[in-house]
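Look at the sequence and the structure below before reading on.

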Amino acid sequence: MGWMGTVHSRSYRSLIDRFYDAGIAPRLVICADNVENRLTEAQMRFGFEETTLNWLDVINHPEVEAVNITSPNFLHREMCLAAIAAGKHVMCEKPMGTLPEDVAVVYRAAEDAGVMSFTGLNYRWVPLVQYAKNLIDAGELGDITYYYGRFYGNYASDPLGMLNWRFLKEKAGTGVLGDLMPHVADMAHFLVGPITRLTSTRHTMIKERPLPVPGRGTHFSKGQPGDPTGQVTNEDYVGTMVEFANGARGTLEISRTIVGPKVENRFELYGTKGAIKWNFETMDELEIYLPDGSVARDGFSQLLAGPEVPFYERFQPGPGNNMSYDDLKVIEAYHFLKSIVDGEQLEPSFKAAYAFAQVHEAIMRSWESGVWEDVRDV
Ligand SMILES: NC(=O)c1ccc[n+]([C@@H]2O[C@H](COP(=O)([O-])OP(=O)(O)OC[C@H]3O[C@@H](n4cnc5c(N)ncnc54)[C@H](O)[C@@H]3O)[C@@H](O)[C@H]2O)c1
């Protein structure tokens, strides 16, 4: 019941409103956290019927049909496998484990058990990203030639940002590679297709941080000058050059310590007939270049999201009334529950998480070898 636990809980409540015509009404049966006051708060905010300090109680509860996992990464594998073994459908935040092997094991377990799965690759759900995907699929941009994806986040740019689980190899696995790259690589997979080869570099810019106070704060919490510090054991920055199966070339870059951008998750996509650019910080704007031979159209124009692009009208009645991050999680929760209700797996499921795990593994191999590496089965 940290940041994502509250966002996901809110989403299940909101979808009854935003997707009122879907015939899906989730019941928030029971939530778990190992910090007691987060449970009391969650019950007051979201109306959970029961709470527990032991997450196994959630999985074993006879009335729970779907389990939603938003704990730190090192608990994902164990929690997912327990939920799958109990025959429950599972939504798990990215990355689904500290290592690519964890994701492979969880993906295969869910496939074998025949349960529905879903993962938090939420930027796919931005209405203008969905619109961009439709433009690409309709061939409006021609063949895709080049893709630039990046996530420049500033959540760790202050050296006083606390040394929480995210900065520790044994709790998070990799640093930004597991935290931000799933979003960037998944967007590339979604819009361009599979990545086949890559070469990568990494860097840890801030090597020590103040020790956290147990149970206090989420990943935005800060310490004080002079607080005792500990070592950061995973990377702050990853830069990767990639080749796609369709022949396109690209660059994927991520940082959590950049100064200036806040959540600059952006892409530029170039085709033989046109181009598009998008940035999450202004997520309801899409820059489009679709020349028609006239001088007036020989430049980028800006499209503002409105009711004609997917999902927008569920949140706002008229163009230019901005949507928010939390709205994406409502669309995500809807697709997870729709998979269960219809008995048909929608994406991004654990299959999409596994596709990223293969990229994750190849990136780590490239850090060691210092050369280009193929993306392969994990
Ligand atoms: N999709 C996205 O955009 C996005 C954004 C942020 C985080 N995430 C992912 O969500 C997950 C959670 O991140 P967060 O930012 O919410 O972290 P957080 O630290 O805010 O929350 C984690 C929660 O887990 C609880 N917890 C820890 N150990 C526990 C245990 N043994 N039993 C029960 N509860 C326990 C903590 O008390 C805390 O409330 C991570 O995997 C992260 O990568 C995804």
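Which residue just after H6 takes a positive phi? Glycine 139 does, with a phi of about 80°. The names H and S stand for helices (DSSP runs of H or I, at least four residues) and strands (DSSP runs of E, at least two), numbered from the N terminus. Helix H6 covers residues 127-137, and its buried residues are Pro127, Leu128, Val129, Gln130, Ala132, Leu135 and Ile136. Buried means under 20% relative accessible area, exposed means over 50%, and partly exposed lies in between, with a 1.4 Å probe and protein chains only.

The model is predicted: local features need pLDDT of at least 70, side-chain atom pairs count only at pLDDT 80 or more, and totals for chains, interfaces and linings use all residues. Residues are numbered from 1 along each chain as its sequence is written, and side-chain values use heavy atoms, with hydrogens and water left out.

Now turn to the sheet. Nine strands form an open sheet with mixed pairing, in the order S15-S14-S13-S12-S6-S11-S10-S7-S16. Strand S15 (301-304) and strand S16 (373-374) are at the edges with a single partner strand each, so one side of each has no neighbour in the sheet. Two strands pair if DSSP finds at least two bridges between them. Strand S6 (residues 144-153) runs antiparallel to S12, and nine bridges join the two. In this pair, tyrosine 152 stands opposite glutamate 264 of S12.

Helix H9 (residues 181-191) packs on the sheet, where it touches S6, strand S7 (195-203), strand S10 (237-244), S11, S12 and strand S13 (275-279). The direction of H9 makes about 160° with that of S6. Such angles run from 0 to 180 degrees between N-to-C directions, and axes are lines fitted to C-alpha atoms, for helices over the stretch in contact. Contact means heavy atoms within 4.5 Å.

Strand S7 has two partners to look at. With S10 it pairs in the antiparallel sense over eight bridges, and arginine 202 stands opposite valine 238 in S10. S7 and S16 also pair in the antiparallel sense, over two bridges. There, leucine 198 has glutamate 373 of S16 as its bridge partner. Helix H11 (residues 350-369) lies across S7, S10 and S16, and runs at about 55° to S7.

Next come the pairs of helices. Two packed helices are described by the angle between their axes and the distance between the axes. H9 and H11 pack at about 110°, with axes 10 Å apart. That makes H9 roughly perpendicular to H11; angles of 65 to 115 degrees count as roughly perpendicular, under 35 as roughly parallel, over 145 as roughly antiparallel and the rest as oblique. H9 passes H11 in a right-handed crossing. A crossing is right-handed if the near helix is turned clockwise from the far one by less than a right angle, and left-handed if anticlockwise. On the H9 side the contact is made by Met181, Pro182, Ala185, Asp186 and His189, and on the H11 side by Ala352, Ala355, Phe356, Val359 and Ile363.

Helix H5 (residues 100-113) also packs against H11, at an angle of about 155° and with the axes 8 Å apart. H5 is therefore roughly antiparallel to H11. The crossing of H5 with H11 is left-handed. Among the residues in this contact are Val103 and Tyr107 of H5 and Tyr354 and Met364 of H11.

Another pair is helix H1 (residues 3-18) and helix H10 (residues 325-342), which pack at about 70° with axes 8 Å apart. H1 is thus roughly perpendicular to H10. The crossing of H1 with H10 is right-handed.

Two single residues remain. Is threonine 257 buried or exposed? Threonine 257 counts as buried because its relative accessibility is 8%. Its place is in the loop between strand S11 (249-255) and strand S12 (263-271). Neighbours within four places in sequence aside, its contacts include Gly153, Met205 and Asp236.

Cysteine 31 is in strand S1 (residues 30-32). At 4% relative accessibility, cysteine 31 counts as buried. Not counting residues up to four places away in sequence, it touches Met1, Leu39, Ala42, Phe48, Glu50, Thr51, Thr52 and Val58. Cysteine 31 is 36 residues from valine 67 in sequence, and the two are 9.5 Å apart in space, C-alpha to C-alpha.
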